[in-house]
Every structure is written in C-alpha cells, then in structure tokens.
Amino acid sequence: MARDSQQEEEEGEEEGGDRDDAGREDGEAEEAGDAPAAPVQNDDPVPAPSDTTNTQPAPANGAQDQAPAQPASNETRPPNYRLKYTLEGHKKSISSVKFSPDGRWLATASADKTVRLYSAADCRHERTLKGHTQGLSDVAWSTDSQFLCTGSDDKTVRVWSVDSEDALKVLKGHTNYVFCVNFNPPSNLIVSGSFDESVRIWDVKKGKCIKMLPAHSDPVNSVCFNRDGSLIVSCSHDGLIRIWDASTGQCLKTLIDDDNPPVSFVKFSPNGKYILASTMDSTLRLWSYSTAKCLKTYTGHQNTKYCIFGSFSVTGGKWIVSGSEDGMVYIWNLQTKEIVQRLVGHTDTVLTVSCHPQVNMIASGSIDNDLTVKIWVDNE
C-alpha cells in the first residue's frame, strides 16, 4: 500500500509499502532509530531551550554527491557519509529498514510481502521471511535482536525469529491495514497502529491483544514506546501526536502544531525526554515531552505526500536524519538545525532510514523507480 493512506483506504488497491499520504515513517534512535530499542549508551542530545526558527531551506536539486552541505556552526565536524553498498532483491517499494539493536542485522520490509535479513557487517543477504499475504508497511526488532515483528495490509502483525523463515505467531484483531509496529524494551509487548484508527497492545507470548485504544480519527501512522516502556507515542493523519500510559491505556498528553499538518512519523529520543515528529508540510519537529512545546524545527527536504521515517543518529555527532521526496537523505545538526549533508544516489523518494546503533552507518530505502536499499558509511 503506497503509504498513501486515504486514497488506499478508499480504493483498497495497492499492497503494503510506500508510506504514502495518510500512510507513514520510523526513524532511529535507540536501535539506531527503530523498534523500541535498548537504552542507548550515548545520552540523547539536549536541545537548547526554546528555539523554533526554521533552518534555511536547502536547494531542492543539484546537491553535489554526498557532499557536506552547510557546515555546522558548532565544534563537531560535519558528517561525511559515502555510499558503500546498494542492496537489490525486493520486487516492490521498500517500506521500512531497521538495524537490530545489537548492530548485527539489517531488516528490510517491502510491499512485495517479504522481509529480507542482511548481515550489517558486509551486507550479505542471509534469509527472506515470507508469510504475509499482502505488502508490508513496517518491521521492528526486539531488544535482544532475536525477534522481529511486522505489520501488513493483510491486517495482521506477525512475529518472527532471526533463525527461521516462518512466522512464530500471527496476531489478528485489526480491521484494516496494519501500518506501524514496535516492541517495548522488555519485548514482551508489541504496539501496532492501523488504518482502522486504533492502537493495539499485544502480549507477545500469548499472541493476544490486551488493549485496544481508540486513538485517532484517521489512520495511525506511527507508534513507539519510550525507553522504559511506560509510555507510547502515536501519531496520525489527523494532525495529533498522543502520548499514552502503556499500562492503563490512558491518554496523558496531546501535542498539536498550530497549523495542524498531518503527522506521518513519531519517535521518542533515546533518553525519552523528546519526541521527533515528521509532518507532511516538509518539516521535522523536536518536541519536549515534559512541556509539550516544540523546541526545534528542521526543514529543507521535501515531504508532502508520503509518510517518511526520521531518525536520531548518535554514533558520531548528534544528527537528525530523514528521507525525502527529492530522492536524497538529509542530515541536520540537531542543535543548530543546519543541513550538514545530503546523500545523493537514490532515483526515487527515500521513504525510510535507519541509523546503526554503534558505528557511523545509515541505511535508506526507496520506492517505485528505485527499489534499492543503500548503505552509507562515514569512516573518518
């Protein structure tokens, strides 16, 4: 399903995949910005108090290949990522890429109904997970890196082991496409969001839904636990970001921007104090959980149609990373909001990005006219 939520919901045509319109993005942070990951060793960047001015937009096209854009104005050297591998094999759009929390694996999910597992060290393809009957929109890792969960247009969440190509469990309950999934840190629970506008919490061992939250008034585009698993953040095309008590299901806070743009992706920062949100007005925002205020905005990329993942990168400097509809990966300095590098190489929208938890490595996945996953490294 091209992550084009509303059109797909009405027409029900495409199978999983491009997070288009009311369809979504994941990012990276703990696990290099993916599934609920184990706590990161580097503490999360602490943004300077309330600074909300936008960065200068970057030129839409013509950026020199992988060349650093504007230099950061702090002491950290700019990133210098270069393309190292191009991974082919998926037959339809790549909807989600995630490094495992231990850094050993890369999982790539696609509208072609499969997940491909690669060794992160040399990007060798290890196995393909098959079983879903329609395309996938998301994949997430357990904290111990031994299990994965996937969300599909077939309305199910499936749980997998890295050691088998067959699903261990099939979680049924959603009444429409499952668009986003994540484990909690102990990995005994899975949270999922759907086009049925609900958020569900599942007991992994029992394979049963233990809570159903009537979360939003439009498809749910992204869900994520915080670092201790006590909170869940969700977002939707309805423009709302909601924070839930994971044990009671109570809505604790609602974050909303004055312009109320559709929110396509959300993720807690590694230290749990902030929330990174992508919105379909070509903006990423960093919110304070405690004050419910927007602290930073990151602009210059293009994002008005698809649900694109964002991520925290904490292995080198403190960066924000996102895909873009102009086919590039954008990297911002978290504090200054400056674009510090654009990664050029994809030939279509970059829907999904993930940052490795231990080394300077970024994975990016693209759609229709590209269908590749690219691996970028900064060895300096």
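Colleague: Which side chain does the side chain of S93 make a polar contact with?

Modeller: Bearing in mind that this is a predicted model, the side chain of S93 makes a polar contact with the side chain of D368, at 2.9 Å.

Colleague: And where is S93 found?

Modeller: S93 lies in the loop between β1 (82–87) and β2 (94–99), and its C-alpha atom is 6.4 Å from that of S366, although S93 and S366 are 273 residues apart along the chain.

Colleague: Is S93 buried or exposed?

Modeller: S93 counts as buried because its relative accessible area is 4%, which is under the 20% cut-off.

Colleague: Changing topic, which residues have the most contacts inside the largest nonpolar core?

Modeller: Those are V233, I241, I243, V266, I275 and W287, in a core of 15 residues; the elements that give two or more residues to this core are β15 (231–236), β16 (241–245), β18 (263–268) and β19 (274–279).

Colleague: What is V233 in contact with, leaving aside its neighbours within four places in sequence?

Modeller: Its contacts include I241, I243, V266 and I275, and also S222, V223 and C224.

Colleague: Stepping back, how many helices and strands are there in the protein?

Modeller: The protein has one helix and 28 strands, and buried residues account for 66% of its 380 residues. Of the contacts between residues at least 6 apart in sequence, 54% join residues at least 24 apart.

Colleague: What about the accessible surface?

Modeller: The accessible surface comes to about 12,900 Å², with 45% of that belonging to carbon and sulfur atoms.

Key:
Residues numbered from 1 in each chain as written. Predicted model: local features only at pLDDT ≥ 70, side-chain atom pairs only at ≥ 80, totals over all residues. Heavy atoms only, no water. Core = buried A, V, L, I, M, F, W, Y, C linked by side-chain atoms within 4.5 Å. Buried < 20%, exposed > 50% of the residue type's maximum accessible area, 1.4 Å probe, protein only. Helix = DSSP H or I, 4+ residues; strand = E, 2+ residues; numbered from the N terminus. Contact = heavy atoms within 4.5 Å. Areas by Shrake-Rupley, 256 points an atom, 1.4 Å probe, with all protein chains shown as cover. Polar contact = N/O pair within 3.5 Å; in protein donor to acceptor, adjacent residues only side chain to side chain.
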